[in-house]
Amino acid sequence: MLHYTEPIYRPPSEADDLFIQVTQGCSHNSCSFCGQYKDTPFRLSPMEQIEADIIEAAKLYPDKKRVYLLSGDPFVLSFDKLKQIGLWLNQYIPSLEAVAMFASINSIKQKTDAELKTLFGLKMNLLYLGIETGDPETLAFANKGHNVEEAYTQLKRLESVGIGYLSAYISGLTGDGLEKGLENARNSAAFFNKVPPVMLGVTSLSIWDNTEIGKLRREGKFIPAPELQMLEETRELLSGLTSPMLFSSIHVSNLVPVMGRIPEDRNEMLQTLDQQIAVLKNDGDIPRYSGRDGRM
Ligand code: SF4
C-alpha cells in the first residue's frame, strides 16, 4: 500500500499526477499567513519506503507521465536524496515526462548549479514557489525566510538551468489600506517581470486562527483588506505585468476569476476586473466564484 500522511496539499494543476510522499509537513512552517502544517511535524520519508512506493505506484499506473512529490517543501531534501529519487522515478516509470514539487528559495540556494542541472536532467523540471510578493516590506511581514534579492538571485539560477517555476501572489497581505495594497502590487509586478514564472496564480488572503496574522487580527493589529481593495490590488498587479506568463485568479478565495496569457489576454482580463470593480463601487452585488465549475 502506498504511504500517504494527511494533510496533503497539491496545486490544482497537478490533480492527475502520481503522488509520491517524500516529506511530511513543511521545513519552514513559519509563514505569517499559513497554518497548513502547524500540527504536522516536518519529517523525511525513509528512502526505502520511497523506493517501495515508486515501484508499487509504477505497477498500478504504468503510463503516468507526471509525478508530484509531496509535501510542503520536498526540494529541501539533500541533492543526493533528490538525485536518488529522480533515478528511481526514471528507472521504474519509463513514460515519465515531468516531476513537480513545492520548493523554497532557501532550498534552491542549498544546491549548486551543477546539482540543479543534474536534477533538471532527471526531469525535475517544475517547481512551485510561494513567492507571494515582490515588495520588500510585505515579504518581511509574510516571513517567508528570504528577501527579494535572494528570491531574484535563486530564480535567475533556476532560469539558467531551464527549471520552470510557478508562483502564488496573495492579495490583501498588506491589510486594510488601498495605497499599500497597490504599492505591493506594483512592486510585485516589477519583480515578476524580471523573473517571470510559467504561471502566476493569485489568491486572496484567507485568515486562519492558527497563524501569526490570525493572532494579529485578534489583537486588533491587522485589519483585513475589504474585498473591493483586494480586487483593485489584483487589477494593479495584472496591469503591471508585461513579461510572457500565464495569469490566473481562478481560486475559490477570489471574488472574480480570470485567466489568460500575458500579454495577449491582459486587456480582456482587465476589462472583466474593471466591470466588476465598477459594480462593487456602485454598491452592487457580485455572485461569489464558487469553484464548482471545476476550474477551482
Ligand atoms: S506557505 Fe509554504 S513555506 Fe510557508 S509555512 Fe506554509 S507550507 Fe511552509
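Student: Where is Pro-263 placed?

Tutor: Pro-263 is in the loop between β10 (259-262) and α10 (266-281); such helices (H or I, at least four residues) and strands (E, at least two) are DSSP runs, numbered from the N terminus. A cis peptide bond joins Ile-262 and Pro-263, with omega about 5°. Most peptide bonds are trans.

Student: What do the numbering and the model rest on?

Tutor: Residues are numbered from 1 along each chain as its sequence is written. This is a predicted model, in which local features need pLDDT of at least 70, side-chain atom pairs count only at pLDDT 80 or more, and totals for chains, interfaces and linings use all residues, while side-chain values use heavy atoms, with hydrogens and water left out.

Student: How do you know that the length of α10 agrees with its number of residues?

Tutor: The expected span of a helix is 1.5 Å times one less than its number of residues. For the 16 residues of α10 this gives 22 Å, and the end C-alpha atoms are 22 Å apart, so the two values agree.

Student: What makes the buried residues of α10 line one face?

Tutor: Seen down the axis of α10, the buried residues fall within an arc of 95°, so they line one face of the helix; the arc is that of the directions from the helix axis to the C-beta atoms. These residues are Arg-266, Met-269, Leu-270, Leu-273, Ile-277 and Leu-280, where buried means under 20% relative accessible area, exposed over 50% and partly exposed in between (1.4 Å probe, protein chains only). An α-helix has 3.6 residues a turn, so residues three or four places apart point the same way. The face turned away from the buried side of α10 carries the exposed residues Asn-267, Glu-268 and Gln-275. The cover over the buried residues of α10 includes α9 (227-240), β9 (245-248) and β10.

Student: Why is Thr-211 called buried?

Tutor: Thr-211 has 5% relative accessibility, and therefore counts as buried. It lies in the loop between β8 (199-204) and α8 (212-218). Not counting residues up to four places away in sequence, Thr-211 touches Ser-32, Phe-33, Cys-34 and Gly-35, contact meaning heavy atoms within 4.5 Å.

Student: Why is Lys-123 called partly exposed?

Tutor: The relative accessibility of Lys-123 is 27%, so this residue counts as partly exposed. Lys-123 also has a positive phi of about 75° although it is not a glycine. Its place is in the loop between α4 (113-121) and β6 (126-132).

Student: With which other residue does Arg-66 form a salt bridge?

Tutor: Arg-66 forms one with Asp-17, the closest N and O atoms being 3.7 Å apart. Asp-17 is buried, with a relative accessible area of 8%. Salt bridges that share partners join Glu-14, Asp-17 and Arg-66 into one network.

Key: A salt bridge is a side-chain nitrogen of Lys or Arg within 4 Å of a carboxyl oxygen of Asp or Glu.
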